[in-house]
Amino acid sequence: MKTGLMRRLDQTGVVCAEGYLFEMERRGYLTAGEFVPEVALENPEALKSLHKDFQHAGSDVLVAFTYNGHREKMRIIGKEDLLESLNRAALQIANEVAVDVPEDYEPSLVAGNISNSNIWNPNDSRSQMEVRKMFSEMVEWAVDEGVDYFIGETFYFAEEAFTALEVIQKSKKPAVITIAPMGENVLRDQWDIIDTCKELEQRGADVVGMNCFRGPSTMMPYITKIRESVSGHVAALPIPYRTTDRQPTFFNLDDTCGCTVPSPHGRTFPTALDPLYCNRYEIKKFAEDAWSNNIRYLGVCCGAAPIHIREVAEVMGRTPLASRYSENMQNHFMYGTDKSLPAHITSYGDQA
Ligand SMILES: [Zn+2]
């Protein structure tokens, strides 16, 4: 029996790598714009390999890649008939990789995933019914394939997050619910960020917090307040991009880094954000700030690479397999201090 989510949170904290959508797109297995996770069916090996990379870097959790794998998205690309097989394939792949660990390592936790539907309309009960149905079928398939807990994430309508929680609660599995407010710094249905998290906890969410849309600098001020306002565990999974008070999310982030060829659609999001990337030390700082503040469910969302996950894991006191390759500049040919390095090269370092 593997240790469950809640016990791990109390004992060691939990590292949860996310950002499968962006990373699969960058690796050439997913179409930007549509952002449908067909990879589970078309290139299962590629998805397996990303799970493996995140696991190796220290993620305790493998999130079944069903983000956007819902009926509405599948309808848009004319593949509604593949919906169930896509969901089941993603769940099976996560389950398969979860147990593929060295003997003395615990199997990874596997999380089922439901998320922002992008059709939720606070003024239209029919759209809300649709969303509830979408969530219900996905949760059913995930229970059937076997998951350890559920993530309901990236909600920018509070009521949609409440609906996700209700649906997940029918499964009797732990629920991690994270919200993703847009740039107005309030949920789209006018719920305050902190109040939404308090309400989610009141309604029985096991972990509440925020994921996606915001980099560490525009997420952490809210996370700190959420920590003060709820009694249970808090989750923080920012994007690794340098959002600012003026541009709090990555949807409208300007490239101020000397871009010479802007994206044809006129925004950096989602395909030209690269120069706005946080470096690994910024992610380390985020993890230190959160961890020292008793935020015990930590990860990185869209844009995450295994190196970021390793930073988070190491801050939490872990030594993942990838720590075998953690930086060692002592032996660098130019910056190094090792005596065997030729002096005519090391002394040249600051002119190179
Ligand atoms: Zn994300």
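A residue counts as buried here if 20 or more other C-beta atoms lie within 10 Å of its own, as exposed if 12 or fewer do, and as partly exposed in between, with C-beta atoms placed from the backbone.

Some ground rules, then. This is a predicted model, where local features need pLDDT of at least 70, side-chain atom pairs count only at pLDDT 80 or more, and totals for chains, interfaces and linings use all residues. Residue numbers run from 1 along each chain as its sequence is written.

Now the overall picture. The protein has 13 helices and 8 strands; these are DSSP runs numbered from the N terminus, helices being H or I with at least four residues and strands E with at least two. Its C-alpha trace spans about 75 × 50 × 45 Å along the principal axes. The radius of gyration is 20 Å, which agrees with the value near 20 Å for a compact globule of 352 residues; it is taken over C-alpha atoms, and the globule rule is 2.2 Å times the number of residues to the power 0.38. Of those 352 residues, 47% count as buried.

The chain splits into domain 1 (5–319) and domain 2 (328–352), with bounds from an automatic or database domain assignment. Their C-alpha centres sit 41 Å apart.

On to the inside. A nonpolar core is a set of buried Ala, Val, Leu, Ile, Met, Phe, Trp, Tyr and Cys residues joined through C-beta atoms within 7 Å. The largest one has 106 residues, and A64, A111, V208, I223, V234 and A236 have the most contacts inside it. Helix α6 (residues 83–98) gives the most to this core, with 9 residues. Two residues are in contact if their C-beta atoms, placed from the backbone, lie within 7 Å. Skipping neighbours within four places in sequence, V234 touches V207, V208, G209, I223, I226, R227, I295 and Y297. Across the protein, 71% of the contacts with a separation of 6 or more join residues 24 or more positions apart.

| Residue | Phi |
|---|---|
| F35 | about 55 degrees |
| F213 | near 65 degrees |

F35 lies in the loop between α2 (20–26) and α3 (39–42). F213 is in the loop between β6 (207–211) and α10 (216–229), and is buried, with 25 other C-beta atoms within 10 Å.

Finally, the peptide bond from F269 to P270 is cis, with omega near -5 degrees. P270 belongs to the loop between β7 (233–237) and α11 (280–292).
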